[in-house]
Amino acid sequence: MKIKEYLGDKQFYKKTSLIALPIAMQSLITIGVNLLDNIMLGALGEIPLSASSLAVQFITFFHICCMGLGMGASVLVSRFWGMKDLDSLKKSVTLMLRFTIMIGSLFTLAAIVAPEGIMKLYTPEAEVIAQGVRYLNWSIPCFLLAGLVTTCTIVLRSTGQTAIPLIGSCFAFGINVFANWVFIFGHLGAPRMEIEGAALGTLISRCFEFLFNCGYFLIVDKKIQYRIKDLFMKCGDMLHDYLTISIPVLISDMLLGLGTNVVAMVMGRIGSDFVAANSITAVTQQLSTALIQGISQAGCIVTGHNLGEGKIEKAKKQAWTFLLFGFVIGAFAGVFIIIAGEFIVGFYNITEHTRMIASSLMRAIGVIVIFQSANSIITKGVLRGGGDTKCLMIADNIFLWIVSIPLGYFVGLVLHLPAFWIYFCLKIDQFLKAFWCIWRLKSGRWIKKIGGKQE
């Protein structure tokens with residue numbers, strides 16, 4: 001074995017960087033908005049911070065579903081882009097958008113009909129529920145808007161168009177921060193809306209992002225040339241490939257999202273101080289792992305392009321390069337979280353007990369993120385790009401539902417162990433999946449044919 005062949009060449013690093021860095025920057029912008037939301041709401045106290053954090057869990061669950069639809073379609077889009085098969089690519093996009101609209105409508109209906117019921121799933125505390133309902137009421141239009149923005153953005157990235165979504169996010173960031181400042185605190189003559197102001201600020205920025213990103217994709221884009229009329233095209237011949245590749249991704253991400261929500265429910269029953277501490281640490285973790293998200297999506301796209309061009313051996317060698325990336329970047333992220341954690345916690349208006357919990361969670365995340373980085377880049381990137389979506393669906397959820405959630409529930413609500421061990425057990429699936437990823441790469445069975453065109 002020649003080690004150099006597994007370290008990548010100049011072209012590989014250039015292509016990966018051109019895809020990963022704009023995605024990472026866009027993630028940082030999104031995370032920055034969440035961080036500023038948290039800090040602004042944290043200035044109002046722990047109840048608004050906890051309420052918004054739990055309400056956002058439901059919205060995040062929908063976002064995860066859209067990511068599943070988008071990343072599932074990305075496997076096909078990347079492969080067909082490599083094959084130069086635009087007709088099949090458009091059919092894949094059409095099916096993705098139809099499913100996005102269907103699922104978005106269901107979530108919108110749930111938020112309209114039963115916002116209080118949704119909040120009761122996360123916490124029994126009446127004041128947190130009441131404020132969470134106020135947040136959800138303003139967020140109702142966000143579901144369809146965010147769903148279409150997310151999926152269209154992923155398609156653009158899959159064809160190498162990362163600049164437009166990044167520009168849209170930059171403007172949306174500024175709009176969101178300004179609107180939050182105005183409406184949360186009642187500046188410039190606006191009413192003081194507090195938690196509702198945070199939701200309104202997000203809604204305003206979502207409207208802009210939809211007009212900018214989706215407007216470009218459906219009207220301006222010359223590469224894919226997808227237009228609104230294509231939503232009505234016949235794509236029955238693509239349905240089998242789409243269901244085979246994309247639906248396992250959707251199911252996997254939905255179950256993972258549901259698992260994340262169950263974890264939030266466990267935390268909600270431990271207490272609002274644990275929820276508030278976790279909302280602080282979650283944003284910090286996201287800040288440190290933005291590059292991981294970028295490389296993960298780059299892994300899926302680069303792998304799909306290679307396989308679409310018939311470069312199977314090249315895809316296999318680059319898979320190990322991506323795994324190395326995962327461990328190295330995870331180690332840097334872990335160090336960042338542990339060093340910066342105390343500094344970031346100091347920005348929040350929280351009790352000393354909540355501060356202690358947040359510090360404990362920071363230390364736990366600093367260890368976990370090393371393994372989370374590696375398995376995220378491989379599972380959500382390389383293996384998904386290879387079409388190995390059914391196996392990923394099983395592996396992702398076995399570790400979460402059979403190990404992490406039961407163990408976290410037991411140590412948190414039965415044994416009442418310290419915060420470090422509760423969080424560590426809730427996230428122990430990240431360790432297990434990292435080792436499974438290595439086994440799966442070595443097997444070579446992760447490369448799948450699509451439509452009989454990939455040898």
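Biologist: Leaving aside neighbours within four places in sequence, what is Phe107 in contact with?
Modeller: Phe107 is in contact with Phe58, Phe61, Phe62, Cys65 and Phe143. Contact means heavy atoms within 4.5 Å. One caution: this is a predicted model, where local features need pLDDT of at least 70, side-chain atom pairs count only at pLDDT 80 or more, and totals for chains, interfaces and linings use all residues. Residues are numbered from 1 along each chain as its sequence is written, and side-chain values use heavy atoms, with hydrogens and water left out.

Biologist: How many residues are in the largest nonpolar core?
Modeller: That core has 62 residues. Val93, Phe107, Phe217 and Tyr242 have the most contacts inside it. H2 gives the most to this core, with 16 residues. A nonpolar core is a set of buried Ala, Val, Leu, Ile, Met, Phe, Trp, Tyr and Cys residues joined through side-chain atoms within 4.5 Å. Buried means under 20% relative accessible area, exposed over 50%, and partly exposed in between, with a 1.4 Å probe and protein chains only.

Biologist: And what does the second core include?
Modeller: The second core is separate and has 36 residues. Tyr348, Ile365, Tyr423 and Ile428 are among them.

Biologist: Back to H2. Where does H2 bend?
Modeller: At Phe58, by about 25°. The bend is the angle between axes fitted to the seven residues ending there and the seven starting there. Helix H2 covers residues 46-83, 38 residues in total. From first C-alpha to last, H2 reaches 53 Å, close to the 56 Å expected at 1.5 Å a residue. The expected span is 1.5 Å times one less than the number of residues. Helices (H or I, at least four residues) and strands (E, at least two) are DSSP runs, numbered from the N terminus.

Biologist: Why is H2 largely enclosed by the rest of the structure?
Modeller: Because 31 of the 38 residues of H2 are buried.

Biologist: What follows H2?
Modeller: Lys84, with a positive phi near 65°. Met83 is in helix H2 and is partly exposed, at 21% relative accessible area. The C-alpha atoms of Met83 and Gly308 are separated by 5.1 Å, though the two are 225 residues apart along the chain.

Biologist: Now H6. How many of its residues are buried?
Modeller: 16 of the 17, so H6 is largely enclosed by the rest of the structure. Helix H6 spans residues 142-158 and reaches 24 Å from first C-alpha to last, close to the 24 Å expected. Gly160 follows H6, and the phi of Gly160 is positive, near 85°.

Biologist: New topic. How many salt bridges does the structure hold?
Modeller: There are 10 salt bridges. A salt bridge is a side-chain nitrogen of Lys or Arg within 4 Å of a carboxyl oxygen of Asp or Glu. One of them joins Arg192 and Glu194, at 3.0 Å, N to O.

Biologist: Which residue does Glu209 meet in a salt bridge?
Modeller: Arg206, at 3.4 Å, N to O. They are 3 residues apart in helix H8 (residues 195-220), so about one helical turn separates them.

Biologist: Is Glu209 buried or exposed?
Modeller: Glu209 counts as buried, at 9% relative accessibility. Arg206 is partly exposed, at 22%.

Biologist: What about Glu313, which residue is its salt-bridge partner?
Modeller: Lys316, with the closest N and O atoms 3.8 Å apart. Both sit in helix H12 (residues 312-345), 3 residues apart, so about one helical turn separates them. Separately, salt bridges that share partners join Asp87, Lys91 and Asp237 into one network.
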